[in-house]
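Subject: Structure for you to look at

Hello,

Here is the structure I said I would pass on. Please open it beside this email and follow along.

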Amino acid sequence: MGKDALKRTSLYASGASPVNLLQARFYNEDCLVYDLEDSVPLAEKDAARHLVYNLIKYQRPAGKYVIVRVNGIYSEYIDEDLEAAVRCRPDAIRIPKVEYAKEVKRIDERISEIEEAAGIEHGSIELWCNIESYLGVLNAQEIATASERVVALALGAEDFTASMRSTRTKAGAEIFYARNAVLMACRFAGVEAVDAVFSDINDVEGLKNDVALTKNLGFDGKTVVHPRQIDVVNAAFTPSAKEIRYAKRVLEAVEEGKREHKGAVTLDGGMIDKPMELRARTTLAQAKAAGIEM
């Protein structure tokens, strides 16, 4: 899989839990994130790295966009994490707590060195950058354009609010600016925008409200913390039958206008402009990627 793969949901699976790693492949998430960072105790870092390496290399789950989240850029584990992660050849490596473009460039260079040494095609490993602090948000545009490997930015709300000394709430007013800043950086760079987790796994209505907001803002997907959240988020980021029908009608009207050399095109009494055409094309592309027959 690669840049065009669906990224509606990304689910973390702890490298410290063989059961968690094996179960995760059977859920409906688009992106499976094998985690070497927060979910792994210090005493188990080496064992988790070895387990994730062998799982991806020899039992890679079919139909998943596979990611490895390594430990922090300045941690004692990063070099060994990158060595193992690149050599087992996931689709992407997810870097936590990115704050500067120079950090992405440094990781990019190290990955290139490992690819060359291992005989892996240069540039085949993509990068996701987690934006988890006010510095990361302020530098999001530079981070998103720091390397051609970068295909997604993912907002981390808990660490971001801690860096701001603010309180994390379900309503999310405290991360509204961060969401928009990350989203605009992604649109500028042409990469995917992945929203923060909704932590309360028992609040289904809260999750629905949260994902509706972020979809309307323009995000492409969301990180989830529990398998029960996957279907809700997938559904929100998959075009409905009504949206698909309307998108088709918009494009049909546009094509008819071109054939008839009309300067202005209307549908249901309203003008169709270029942004509406673009949204319609995006809707149909998302539906196609989700396997919806049209």
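The model is a predicted one. The domain assignment of the protein chain gives two entries, domain 1 (9–237) and domain 2 (241–289). Taken over C-alpha atoms, the centres of domain 1 and domain 2 are separated by 34 Å.

Start with a pair of helices, H2 (residues 45–59) and H3 (residues 78–88). Their axes are 9 Å apart and the packing angle is about 10°. Angles under 35 degrees count as roughly parallel, and H2 and H3 are therefore roughly parallel to each other. On the H2 side the contact is made by Arg49, Tyr53, Ile56 and Lys57, and on the H3 side by Glu80, Asp81, Ala84, Arg87 and Cys88. By type, the residues of this contact are four nonpolar and five charged, with no polar ones.

Next is helix H11 (residues 241–259), which has 19 residues. From its first C-alpha to its last, H11 reaches 27 Å, close to the 27 Å expected at 1.5 Å a residue. Its buried residues are Ile244, Ala247, Val250, Leu251, Ala253, Val254 and Gly257. What covers these buried residues includes strand S9 (266–267) and helix H12 (274–289). After H11 comes histidine 261, with a positive phi near 55°.

Two other residues have a positive phi without being glycine. One is arginine 89, with a phi of about 60°, in the loop between H3 and strand S4 (92–95). The other is lysine 97, with a phi near 50°, in the loop between S4 and helix H4 (101–118). Arginine 89 has a relative accessible area of 43% and is partly exposed. Lysine 97, at 35%, is also partly exposed.

Last, look at aspartate 30, in the loop between helix H1 (18–24) and strand S2 (31–35). Is aspartate 30 buried or exposed? Buried means under 20% relative accessible area, and aspartate 30 counts as buried because its relative accessibility is 9%. Leaving aside neighbours within four places in sequence, aspartate 30 is in contact with Leu6, Lys7, Arg8, Thr9, Lys64, Tyr65 and Asn234. Aspartate 30 and glutamate 293 are 263 residues apart in sequence, and their C-alpha atoms are 19 Å apart in space.

Regards

Conventions
Residues numbered from 1 in each chain as written. Predicted model: local features only at pLDDT ≥ 70, side-chain atom pairs only at ≥ 80, totals over all residues. Heavy atoms only, no water. Axes fitted to C-alpha atoms, helices over the stretch in contact; angles between N-to-C directions. Helix = DSSP H or I, 4+ residues; strand = E, 2+ residues; numbered from the N terminus. Parallel < 35°, antiparallel > 145°, perpendicular 65-115°, else oblique. Contact = heavy atoms within 4.5 Å. Nonpolar A, V, L, I, M, F, W, Y, C, P; charged D, E, K, R; others polar. Domains from an automatic or database assignment. Expected span 1.5 Å × (residues − 1). Buried < 20%, exposed > 50% of the residue type's maximum accessible area, 1.4 Å probe, protein only.
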